[in-house]
Amino acid sequence: MGWRPAAGWFLVFSFLALTAGMARGSALSSEEPQGQSRDAIAAKIEKYLKLARTGRAAVRPQAARRLSQLGAPAAARIASLAGAQGQGLVDLGPHVVEIVADFGEAELRGVLWRVLLDLDFPWRGPAARSLARTAEEGEVQRFAACLGDHIWQVRHAALDGLQLLDARDLQDEVRALLRDCDGSVRRAAAALLDAWGDGAALRFLVEDLKREDRYFRLPLGAQARFDAARILKQRLGDDFGFDPGLAPGEAANREALQAIEVAARKRAQGRWPALPAIARAATNRIGNTIGLELRSCRRGEFYLRWNEAQDLLIVGTGNAALVPLESGLVARLKAACEEHLAALGETRFWGASGCDLEQFRFVDSAGELRAYLLTKGQKSVGDLRPLALDRLARLLLESLPDAPSADPRLDRLKSRARAALEAVGGDL
Amino acid sequence: MVKTQLLHACGLLGLVLCSSGLAPEVHEVSMLRLNNIEFEVGDELPDWVLALDGETVQLSGYMQSETLEGESWFDLTNDSCGCGTSKLQHFVRVIIEDGTTTFTPSELELEGVFSAGEEFDEDEFIESIFRLTIDSL
């Protein structure tokens, strides 16, 4: 029996199909829908959609991942629920939105870009991450436009997208984010610039290893150290023994910091740029009397504090912006806090779980820190905020500057904070 | 003076109990350290975490904002929002032996028996990798 070309081609195609199937099988792990009945797959899709939306917090991303592993049937179901404009994605929740681009469906990708342009869509961060993780040729300008977004998660994702697309032409735009209000965006920009050959950007990461700042008791500086240490280890190939869980002034860390700086300077080839104030580790430790933390999926995040001893407004995290206030103003605000918060008795929490949050903190005359928390999901809740906190919020807002400013933390601060407050707790 | 002597005596007693193995050694563990381990599903937990398995541990953190009232467990997170929290290492499942949950946004300082390792639910989803069993809230 002689060799026949047709049989040869058949064997080649069979081999290719088999290896492609194996590769796909390994990517899909245990959720390969092949061999399952249509009804069984449909039931799984509904189950995972529900768990990704309302399951326990630790389970939601896993359920969303299993959906993506179900492939085309899950994509079709999500597309039908999302609708052409993507309005249905709101109800599917952030974890499903985060995996939408993984299906590789052009139609769904278009929907994600559409919702990303809708400033009232609550899951813009997850949508941007989904798109960035799967960035496609021809999307450079779309990601570039996201670098100026008011939601830090969108800016961060845009950097990831540009990295995947190797958009080195945008180095200047990326470099501008070394002055970002958000520390994780600055760190991502620094890592990307180093990956593109600008080792001097590591200076920003080395500085973050020195951060010790807190927002009340939240150890934001320590978290920045962990993030910076992880990135620097990736970039430099060594952590030099630096322990981000310990203060940077600990003896072992001081030595490690020196070694890291030497390695980073070597990579920077002698360039060691001066840091803008926003990127410097804070050296002053100013006490806090009153705090208002706002996190709105739609309107952004604000970390505001008022200091009684120095009559200061402190805006942001890390090396925060300091705004002198009229003498005695914070003492009056404190007295108002005592009065309004007394009306709340022992109640400390309002609303239901969700991504939107406002938290009032107050150090009372006895030095005790009290916290009052409102949270909600993506849907607006008419009068979530109790009257006492409404009054307090209005007073605090009045103390904020509202003029345009070159400092993005202070630019029209009152208007932006008011919008965030209204997005979370309702009208003021 | 009497009070100081009493405190010293208590400390000495604690030392004796501890060294004799009657009182457990308490490990103060940072939530940040737990949150920042590098872990993906299927990975081995770091040795230092595994070494805490079965040990008495002190942890400070916040009830995740989705905590249900009247449950015998809740998830402890590093900040009171927990909204960006989606990785397994960002949660410590706290199991209350005696009592149930009442949500509070205040920081909690807890002491209990730590357990490490993947724990699955009936659908084979990992529910937790860190757990802390406490007597009561």
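Which residues does Asp79(B) touch, not counting residues up to four places away in sequence?

Tutor: In this predicted model, Asp79(B) touches Leu218(A), Arg295(A) and Tyr62(B), with residues up to four places away in sequence left out of the count. Asp79(B) itself lies in the loop that runs between strand 3 (73–77) and strand 4 (92–96) of chain B. With Arg295(A) there is a polar contact, side chain to side chain, at 3.1 Å.

Strand 1 of chain A covers residues 290–296 and runs antiparallel to strand 6 (residues 356–363) of chain A, to which 6 bridges join it. Within this pairing, Gly291(A) stands opposite Arg361(A) of strand 6. Helix 16 (residues 329–342) of chain A packs on the sheet, where it touches strand 1, strand 2 (300–307), strand 3 (312–315), strand 6 and strand 7 (369–376) of chain A. The direction of helix 16 makes about 110° with that of strand 6 of chain A.

The sheet in chain A is open and mixed in its pairing, with 7 strands in the order 4-3-2-1-6-7-5. Its edges are strand 4 (321–324) and strand 5 (349–351) of chain A, each of which pairs on one side only. On average, neighbouring strands of this sheet are turned by 15° against each other, direction ignored.

Chain A also contains a helix pair. The axes of helix 14 (residues 220–236) and helix 15 (residues 251–267) of chain A come within 11 Å and cross at roughly 55°; the two helices of chain A are therefore oblique to each other.

Notes
Residues are numbered from 1 along each chain as its sequence is written. Chains are lettered from A and ligands numbered from 1 in the order in which they are written. This is a predicted model: local features need pLDDT of at least 70, side-chain atom pairs count only at pLDDT 80 or more; totals for chains, interfaces and linings use all residues. Side-chain values use heavy atoms; hydrogens and water are left out. Axes are lines fitted to C-alpha atoms, for helices over the stretch in contact, and angles run from 0 to 180 degrees between N-to-C directions. Helices (H or I, at least four residues) and strands (E, at least two) are DSSP runs, numbered from the N terminus. Angles under 35 degrees count as roughly parallel, over 145 as roughly antiparallel, 65 to 115 as roughly perpendicular and the rest as oblique. A polar contact is a pair of N or O atoms within 3.5 Å; within protein, one must be able to donate a hydrogen and the other to accept it, and residues adjacent in sequence count only if both atoms are side-chain atoms. Contact means heavy atoms within 4.5 Å. Two strands pair if DSSP finds at least two bridges between them.
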